[in-house]
Amino acid sequence: TWMFARAMDVFMIDYLILQHPLLVRLLGPRLTLIFVQSKGWPSVLFWWAIWDLVLLYGSGDFYEHWFYWQDYVTMVTKKNP
């Protein structure tokens, strides 16, 4: 999910906001400047939290233990409650 967050940071700020003048006109100069200044840790942490909530929410086996399919490390399997 960390790489998804980094990719969203680059895509949203470098590609969408800075490369498309229509989006700059829709958002306005102040909001565009706020988004551009948030590039880096603030934006990455925001997108990381969003991706974690989207991908890791639920009650299935994958959501409880991320490495549930392997048996080598028992700390991350069903054997460890």
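The model is predicted: local features need pLDDT of at least 70, side-chain atom pairs count only at pLDDT 80 or more, and totals for chains, interfaces and linings use all residues. Residues are numbered from 1 along each chain as its sequence is written, and side-chain values use heavy atoms, with hydrogens and water left out. The chain has five helices and zero strands. Helices (H or I, at least four residues) and strands (E, at least two) are DSSP runs, numbered from the N terminus.

**Overall picture**

- Along the sequence, the pattern reads α-α-α-α-α.
- The chain has 81 residues, and 19% of them count as buried. Buried means under 20% relative accessible area, exposed means over 50%, and partly exposed lies in between (1.4 Å probe, protein chains only).
- The accessible surface of the chain is about 6600 Å². Carbon and sulfur atoms hold 70% of that surface. Areas come from the Shrake-Rupley method with a 1.4 Å probe; for residues, only the protein chains shown count as cover.
- Among contacts in the chain with a separation of 6 or more, 45% join residues 24 or more positions apart. A contact means heavy atoms within 4.5 Å.

**Helix 1 and what covers it**

- Helix 1 has 18 residues, which should span 26 Å at 1.5 Å a residue. Its end C-alpha atoms are 24 Å apart, which agrees. The expected span is 1.5 Å times one less than the number of residues.
- Its buried residues are Ala-5, Met-8, Asp-9, Ile-13 and Ile-17.
- The cover over these buried residues includes helix 2 (21-27), helix 3 (29-37) and helix 4.
- Ala-7 also sits in helix 1, but is partly exposed at 44% relative accessible area. Ala-7 and Trp-47 are 40 residues apart in sequence, with their C-alpha atoms 9.2 Å apart.
- Thr-32 lies in helix 3. Thr-32 counts as buried because its relative accessibility is 9%. Beyond neighbours within four places in sequence, Thr-32 contacts Ile-17, Val-24 and Leu-27.

- Asp-9 belongs to helix 1. With 4% relative accessibility, Asp-9 counts as buried.
- Asp-9 has no salt bridge. The nearest side chain of opposite charge is Arg-6, at 5.5 Å. For charge, Lys and Arg count as positive and Asp and Glu as negative; His and the chain ends are not counted.
- Not counting residues up to four places away in sequence, Asp-9 touches Asp-14, Lys-39, Gly-40, Ser-43, Val-44 and Trp-47.
- Asp-9 and Leu-45 are 36 residues apart in sequence, yet 9.4 Å apart in space, C-alpha to C-alpha.

**The salt bridge**

- The whole structure holds one salt bridge. The term means a side-chain nitrogen of Lys or Arg within 4 Å of a carboxyl oxygen of Asp or Glu.
- Lys-39 pairs with Asp-14, and the closest N and O atoms are 2.8 Å apart. Lys-39 lies in the loop between helix 3 and helix 4 and Asp-14 in helix 1, so the pair ties together parts 25 residues apart in sequence.
- Lys-39 is partly exposed, with 38% relative accessible area. Asp-14 is partly exposed too, at 26%.

- Phe-4, Phe-46, Ile-50, Val-54 and Leu-55 form a nonpolar surface patch. Together they have about 440 Å² of accessible area.
- Patches are made of residues with over 30% relative accessible area and no salt bridge; like charges are joined within 9 Å, and nonpolar side chains (Val, Leu, Ile, Met, Phe, Trp, Tyr) within 5 Å.
- Helix 4 (residues 41-55) gives the most to the patch, with four residues.
- Phe-4 is in helix 1 (residues 2-19). Phe-4 counts as partly exposed at 44% relative accessibility.
- Trp-51 is in helix 4. Its relative accessible area is 23%, so Trp-51 is partly exposed.
- Leaving aside neighbours within four places in sequence, Trp-51 contacts Thr-1, Phe-4, Ala-5, Met-8 and Leu-56.
- Trp-51 and Trp-2 are 49 residues apart along the chain, and their C-alpha atoms are separated by 8.3 Å.
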